[in-house]
Amino acid sequence: MALMLPGIVGQLPDSENPGQMVRELVETLPAGSYVALSDGTDTSEELQEAIVAYNGQSANFYHRRSAEHIGSFPGGPRPVPPGLVRSSLWRPDPTTPDVPAEAGHAVSVVARKN
């Protein structure tokens with residue numbers, strides 16, 4: 001079974017304790033299940049400006065966080081290789097042109113629940 005959270009956690013403010021929400025979802029999964037999570041980071045001034053514009057025109061706000069904060073959300077499941085990395089580096093397709101890691105400002109992690 002898999003729990004997939006692409007761009008989801010960024011929709012939740014810290015006041016709603018998104019880490020606890022993710023951990024509660026993970027607790028319901030049987031052993032051997034996977035959690036896939038990706039979200040935008042706080043590593044780019046240009047992205048920050050775009051998010052401010054988005055938040056000013058949207059009913060929902062997007063909340064960027066550090067890579068380490070995003071990586072902590074799955075809780076106990078053990079990350080599978082390559083672990084928490086920029087999304088452009090997570091198992092790239094060898095038949096496509098390389099995307100420079102600095103070109104993306106999102107991180108991804110897949111973890112397996114024991």
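**Surface, fold and the place of Lys113**

The protein exposes about 6800 Å², of which carbon and sulfur atoms supply 57% (accessible areas come from the Shrake-Rupley method with a 1.4 Å probe). This is a predicted model, in which local features need pLDDT of at least 70, side-chain atom pairs count only at pLDDT 80 or more, and totals for chains, interfaces and linings use all residues. Residues are numbered from 1 along each chain as its sequence is written, and side-chain values use heavy atoms, with hydrogens and water left out.

The protein has three helices and five strands, where helices (H or I, at least four residues) and strands (E, at least two) are DSSP runs numbered from the N terminus. From the N terminus on, the order of these elements is β-α-β-α-α-β-β-β. Buried residues, those under 20% relative accessible area, make up 32% of the 114 residues.

Lys113 lies in the segment after β5 (106-112) and is buried, with a relative accessible area of 17%. Leaving aside neighbours within four places in sequence, Lys113 is in contact (heavy atoms within 4.5 Å) with Val26, Glu27, Thr28, Leu29, Pro30, Ala31, Gly32, Ser33 and Pro77. Two of these residues also face a polar atom of the Lys113 side chain: the backbone oxygen of Glu27 lies 3.1 Å from such an atom, and the backbone oxygen of Leu29 lies 2.5 Å from one. The C-alpha atoms of Lys113 and Phe73, which are 40 residues apart along the chain, are separated by 13 Å.

Key. Buried < 20%, exposed > 50% of the residue type's maximum accessible area, 1.4 Å probe, protein only. Polar contact = N/O pair within 3.5 Å; in protein donor to acceptor, adjacent residues only side chain to side chain.
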